[in-house]
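Open the model in your viewer and keep the sequence panel beside it. This tour says what to select at each stop and what you will find there.

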Amino acid sequence: MYQYFEQISTRIAAPFTKPENRHSKVWECQCGQSIFFRNTQCLACNAGLGYWPEGNLLSALVAGPEVDTWSLSARPDAGTFRRCANLQTPAACNWLVPHSAGEGALCLACNLNRTIPDLSVAENPERWCKVETAKRRLVAQLVNLGLPVVSKKQDEATGLAFDFIGIDLEGNLPTTGHAEGLITLDIKEADDAHREKVRVQMREPYRTLLGHFRHEVGHYYWDRLIADTHWQDDFRRLFGDETYSYADALERHYQEGAPADWQQGYVSAYATMHPWEDWAETWAHYLHMMDAVDTALGFGMSAREMDLDYLPFPLETLYNPQHPSGPAFLSFVNAWIELAGMLNELSRAMGQPDFYPFVLPPAVIAKLHFIHLVIQEKGGRADEVLQA
């Protein structure tokens, strides 16, 4: 099979050709101007914009039959909506809620918040805006993959919630992490200088708000998709036995660091700490890759047009080489390798750090494919992004 790939070419071709299958982050206003995921208003015609998460559509808004109700210029048949109650807050949310939700309703993403930062602190309104912008991108991707996104307000036991907090009254610093569906984020992570200082201290190649969210929500979905399911045995074969003491693993990692050869089997040094962290790190990279490639192709970029020659991974690299979606997934991974290579060179040309400062060994490709199949089984929509 490896020879088969070589006979075709060392050039890697992206598998994406059907725009309707892409979950793009660029749309067109009613005036023809390009509009983007975070926009609340068109800069060309000043039309109000709203994002409809169920249809993955950002559209100009047309006044509805009642005050503060709206329909979508791009999809008049979609029904009538209201704008999220957080539109006029520092969160600046541009998402829509069904008309039936009533006045003052929060959207799917904002409804996940359990605690927002203290807005009387001067820096916190801007911090909250940055945090919510990243979180909305996360939630939109989860919805587009078909994964369940349920608030703890609806289901305390299995739902998802977010706490965005700072130092408490006793002077204790918050710890970013996940526990039983609750994702906690130190609001200071929204400060670029603070986050970069921590990144350097922790010797991390990458640290962003969106990266935090994608990693922590990986822990949440491990509980929902892997624990006590038919996937658990294969998870242990690929990632390791998660019953090993997490506290012991944490102590060992910070005393001894990652093994010298960690690059052979892990996407990051932190992934070596414990199987749960390996899963969460690999899950985050899967979401990075899917969103970045999809967005690039939304702008008309294609690996077919890149003058870069990389030796592609063979089919046997995958977790399940015989799976029907295997060739499409492998083509996606190989397209990502070329895209990341090009973007790294563009970053270097500007004197900036690499866009994607990671190397993906074959063992990680197998883990990524495993995650893809888990998501596809649960959500039923991950393969849509791979269809040619």
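The stops below go from the whole chain to single residues.

**Whole protein**

Start with everything shown as a cartoon. This is a predicted model. Colour by secondary structure: the protein has nine helices and 11 strands. The radius of gyration is 21 Å, close to the 21 Å that the globule rule gives for 388 residues, so the protein is as compact as a globular protein of that length. Along the principal axes, the C-alpha trace spans about 65 × 55 × 45 Å.

The accessible area comes to about 18300 Å², and carbon and sulfur atoms account for 52% of it. Of the 388 residues, 49% count as buried.

Colour by charge next. There are 32 positive and 50 negative charges, and their mean positions are 4 Å apart.

**Stop 1: Asn-113**

Select Asn-113 in strand S8, which covers residues 113–115. Is Asn-113 buried or exposed? Asn-113 counts as buried because its relative accessibility is 8%, under the 20% cut-off.

Show side chains here. Which side chains make polar contacts with that of Asn-113? One is the side chain of Glu-132, at 2.8 Å. Another is the side chain of Lys-135, at 2.5 Å. Leaving out residues up to four places away in sequence, Asn-113 touches Trp-128, Glu-132, Lys-135, Lys-153, Phe-162 and Phe-164.

**Stop 2: Leu-119**

Move along the chain to Leu-119. Leu-119 sits in the loop between S8 and helix H2 (124–144). Its relative accessibility is 32%, so Leu-119 counts as partly exposed.

Select its contacts. Beyond residues up to four places away in sequence, Leu-119 touches Pro-90, Asn-124, Pro-125 and Trp-128. Trp-128 is also among the residues that Asn-113 touches. Then draw a C-alpha to C-alpha distance from Leu-119 to Leu-58: the two are 28 Å apart in space and 61 residues apart in sequence.

**Stop 3**

Select Ala-92, in the loop between strand S6 (81–83) and strand S7 (96–98). What is the phi of Ala-92 near? The angle is near 50 degrees, a positive value in a residue other than glycine. Most residues other than glycine have a negative phi. Ala-92 counts as partly exposed, at 26% relative accessibility.

Go on to Glu-180. Glu-180 lies in the loop between strand S10 (177–179) and strand S11 (182–186). Phi of Glu-180 is near 50 degrees, again a positive value in a residue other than glycine. Glu-180 is exposed, with a relative accessible area of 69%.

**Stop 4: Tyr-270**

Finish at Tyr-270. Where is Tyr-270 placed? Look in the loop between helix H6 (246–256) and helix H7 (275–298). Tyr-270 counts as partly exposed, at 27% relative accessibility.

Show its surroundings. Apart from neighbours within four places in sequence, Tyr-270 is in contact with His-215, Tyr-246, His-253, Tyr-254, Glu-277 and Glu-281.

Notes:
Residues are numbered from 1 along each chain as its sequence is written. This is a predicted model: local features need pLDDT of at least 70, side-chain atom pairs count only at pLDDT 80 or more; totals for chains, interfaces and linings use all residues. Side-chain values use heavy atoms; hydrogens and water are left out. Helices (H or I, at least four residues) and strands (E, at least two) are DSSP runs, numbered from the N terminus. Buried means under 20% relative accessible area, exposed over 50%, partly exposed in between (1.4 Å probe, protein chains only). Contact means heavy atoms within 4.5 Å. A polar contact is a pair of N or O atoms within 3.5 Å; within protein, one must be able to donate a hydrogen and the other to accept it, and residues adjacent in sequence count only if both atoms are side-chain atoms. The radius of gyration is taken over C-alpha atoms; the globule rule is 2.2 Å times the number of residues to the power 0.38. Accessible areas come from the Shrake-Rupley method with a 1.4 Å probe; for residues, only the protein chains shown count as cover. Lys and Arg count as positive and Asp and Glu as negative; His and the chain ends are not counted. The place of a charge is taken as NZ of Lys, CZ of Arg, CG of Asp or CD of Glu.
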